[in-house]
Amino acid sequence: MVGDMRVKVGETELGDLPAATLADRILRGKLPPHVQVWSDDSRDWVSPYGIADVVAQLETKGRQRAKRRRAAWLAAAPVSVLVFVLAGLGYAKLSDITGRKLAGCSSNLVTGDELLRAYDGNPLSSDLKYKDQCLSVDGTITDITTSDFGRVVVKFGAPDAGLAFEIEELARSSIIAKNKGDKLTLSGFCAGKKNGTVYIRDARVMR
């Protein structure tokens, strides 16, 4: 069968369509599967899947669509991998920078009790002295929990009025073996006092 084809769905004729257009609409779901084509050979309406021209076009267009999907996937895959790698490298780099900064905290060594007394006595002057500074704080663990964002939080002092250390993500494994009552030194950046608690962010276990 060559040229345009008479097409109908049910009792409704849709007009004449070339085999390529008919095949494309079938593939795109624009025509129902029970569409019929007029066959000059049999002088009757038949399924397009029995017409050689339509079948050939369906096979061709199916291969073309599969090829385009493969090409699109191959084009996108390296970009996805690159984004993933760069994100990982960026996070590792940020963590490395944080680690180097924390390594210099040993000169700002305070005890947990000293820091709490300072903030209890004068929060404003304590912010001037400690806020955004890298501190190494000695103390005893009174609780280990998680924040609303899934970060591990280690607490010194009273649960609602002590010190809360938000552990840096790559350092959380160092807390696994710790328990309440353990003494240790945590280094991090003082974030000031809020709702009775002094917060230390990006903290790591120093010893």
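User: If buried means under 20% relative accessible area, exposed over 50% and partly exposed in between (1.4 Å probe, protein chains only), is Asn-195 buried or exposed?

Analyst: This is a predicted model, in which local features need pLDDT of at least 70, side-chain atom pairs count only at pLDDT 80 or more, and totals for chains, interfaces and linings use all residues. Numbering runs from 1 along each chain as its sequence is written, and side-chain values use heavy atoms, leaving out hydrogens and water. Because the relative accessibility of Asn-195 is 70%, this residue counts as exposed.

User: Where does Asn-195 lie, and what is its phi?

Analyst: Helices (H or I, at least four residues) and strands (E, at least two) are DSSP runs, numbered from the N terminus. On that basis Asn-195 falls in the loop between β9 (183-194) and β10 (197-205). Its phi is positive although the residue is not glycine, with a value near 50°.

User: Is Thr-197 buried or exposed?

Analyst: Thr-197 is placed in strand β10. With contact meaning heavy atoms within 4.5 Å, and residues up to four places away in sequence not counted, Thr-197 touches Pro-159, Asp-160, Ala-161, Gly-162, Leu-163, Ala-164 and Gly-192. Its relative accessibility is 7%, so Thr-197 counts as buried.

User: What relative accessible area does Ser-136 have?

Analyst: Ser-136 lies in another of the strands, β6. The residue is classed as buried because its relative accessible area is 4%.

User: Which residues have the most contacts inside the largest nonpolar core?

Analyst: A nonpolar core is a set of buried Ala, Val, Leu, Ile, Met, Phe, Trp, Tyr and Cys residues joined through side-chain atoms within 4.5 Å. The largest such core in this model has 22 residues, and at least two of its residues are supplied by each of α3 (112-121), β6, β7, β8, β9 and β10. Those with the most contacts inside the core are Leu-115, Val-137, Val-154, Phe-156, Leu-163, Phe-165 and Ile-167.

User: Which residues belong to the other core that lies apart from it?

Analyst: Apart from the core of 22 residues lies another core, of seven residues. Its members include Val-9, Leu-17, Ala-19 and Val-37.

User: Which residues does Ile-167 touch, not counting residues up to four places away in sequence?

Analyst: Ile-167 is one of the residues with the most contacts inside the largest nonpolar core. When residues up to four places away in sequence are not counted, Ile-167 touches Arg-151, Val-152, Val-154, Arg-172, Ile-175, Leu-186 and Ala-203.

User: What distance separates the C-alpha atoms of Val-205 and Thr-185?

Analyst: Not counting residues up to four places away in sequence, Val-205 touches Ser-174, Ile-175, Leu-184, Thr-185 and Leu-186. Of these, Ile-175 and Leu-186 are also touched by Ile-167. Val-205 and Thr-185 are 20 residues apart along the chain, and the separation of their C-alpha atoms is 6.1 Å.
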